[in-house]
Amino acid sequence: MESLTKYINRTSRCFTLYREGQLAQEGVSGYQQPYLLAICQHPGIPQDELSKRLYVNKSSVTRQLYLLEQNGFIRREPDPKDRRVLRVYPTEKAQEAYPYVQEVLTDWRRYLT
């Protein structure tokens, strides 16, 4: 009998492929989706807090934010009180994509359940 972990892994890979296919039309990769959701839900979130919230190391956050910034989904600004802290804000493009990203996640949940 196969382990539960193997089934969880398969489901996770399927979810990633599903997100990639559905979100490609918006210009968002499946790996960028959690970042986009967190930033739209918490505008001005510090980059470090994003790392903690998503359970991702800081270098991965920096890499994905760079790509989102290049594609016009976010902007990063230094905190006025502490210049070492970078705050992340969604752009209008991100705000427009946000409902569709939520819809894709809702559809996946419906499919699974």
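Reader: Why is Trp108 called buried?

Author: First, note that this is a predicted model. Trp108 has a relative accessible area of 10%. Buried means under 20%, so Trp108 is buried.

Reader: What makes the pair of Phe15 and Trp108 stacked?

Author: The ring centres of Phe15 and Trp108 are 5.3 Å apart. The limit for a pair is 6.5 Å. Their planes stand at 25°, and stacked needs under 30 degrees. The pair is therefore stacked.

Reader: Why does the pair of Phe15 and Trp108 tie together parts that are apart in sequence?

Author: Phe15 lies in helix H1 (residues 4-23), and Trp108 lies in helix H5 (residues 92-112). These parts are 93 residues apart in sequence, so the pair ties them together.

Reader: Why is the pair of Trp108 and Tyr111 called tilted?

Author: The angle between the planes is 35°. Stacked needs under 30 degrees and edge-to-face over 60, so the rest count as tilted. The centres of Trp108 and Tyr111 are 5.7 Å apart, and the limit is 6.5 Å.

Reader: How do you know that Trp108 and Tyr111 are separated by about one helical turn?

Author: They are 3 residues apart in helix H5. An α-helix has 3.6 residues a turn.

Reader: Is Tyr111 buried or exposed?

Author: Tyr111 is exposed, because its relative accessible area is 65% and exposed means over 50%. Tyr111 also belongs to one aromatic cluster with Phe15, Tyr18 and Trp108.

Reader: What lies over the face of Phe15?

Author: Arg19 does, at 4.4 Å from the ring centre. The distance limit for a charge over a ring is 6 Å. Lys93 is placed in this way too: its charged end sits over the ring of Phe73, 4.6 Å from the centre.

Reader: What joins the side chains of Gln33 and Arg19?

Author: A polar contact of 2.7 Å. The cut-off is 3.5 Å. Gln33 is in helix H2 and counts as buried at 5% relative accessibility. Among the residues Gln33 touches are Leu23, Val28 and Leu105.

Reader: What makes helix H2 mostly covered?

Author: In H2 (residues 33-41), 7 of its 9 residues are buried. They include Tyr35, Leu36 and Ile39.

Reader: Why is the contact between Arg53 and Glu49 called a salt bridge?

Author: Their side chains meet at 3.7 Å, N to O. Arg53 and Glu49 are 4 residues apart in helix H3, about one helical turn.

Reader: Why are Arg53 and Glu49 called partly exposed?

Author: Arg53 has a relative accessible area of 38%, and Glu49 is at 31%. Buried is under 20% and exposed is over 50%, so values in between are partly exposed.

Reader: How many salt bridges does the structure hold?

Author: The structure holds 7. One of them joins Arg76 and Glu69, with the closest N and O atoms 2.8 Å apart. Another joins Arg87 and Asp79 at 2.4 Å, N to O.

Reader: Is Asp79 buried or exposed?

Author: Asp79 is buried, with a relative accessible area of 9%. Its partner Arg87 is partly exposed at 25%.

Conventions
Residues are numbered from 1 along each chain as its sequence is written. This is a predicted model: local features need pLDDT of at least 70, side-chain atom pairs count only at pLDDT 80 or more; totals for chains, interfaces and linings use all residues. Side-chain values use heavy atoms; hydrogens and water are left out. Buried means under 20% relative accessible area, exposed over 50%, partly exposed in between (1.4 Å probe, protein chains only). Helices (H or I, at least four residues) and strands (E, at least two) are DSSP runs, numbered from the N terminus. A polar contact is a pair of N or O atoms within 3.5 Å; within protein, one must be able to donate a hydrogen and the other to accept it, and residues adjacent in sequence count only if both atoms are side-chain atoms. Contact means heavy atoms within 4.5 Å. Rings of Phe, Tyr and Trp (its six-membered ring) pair if their centres lie within 6.5 Å; planes under 30 degrees apart count as stacked, over 60 as edge-to-face and the rest as tilted. A charge sits over a ring if NZ of Lys or CZ of Arg is within 6 Å of the ring centre and within 35 degrees of the ring normal. A salt bridge is a side-chain nitrogen of Lys or Arg within 4 Å of a carboxyl oxygen of Asp or Glu. Lists of a residue's contacts leave out its neighbours within four places in sequence.
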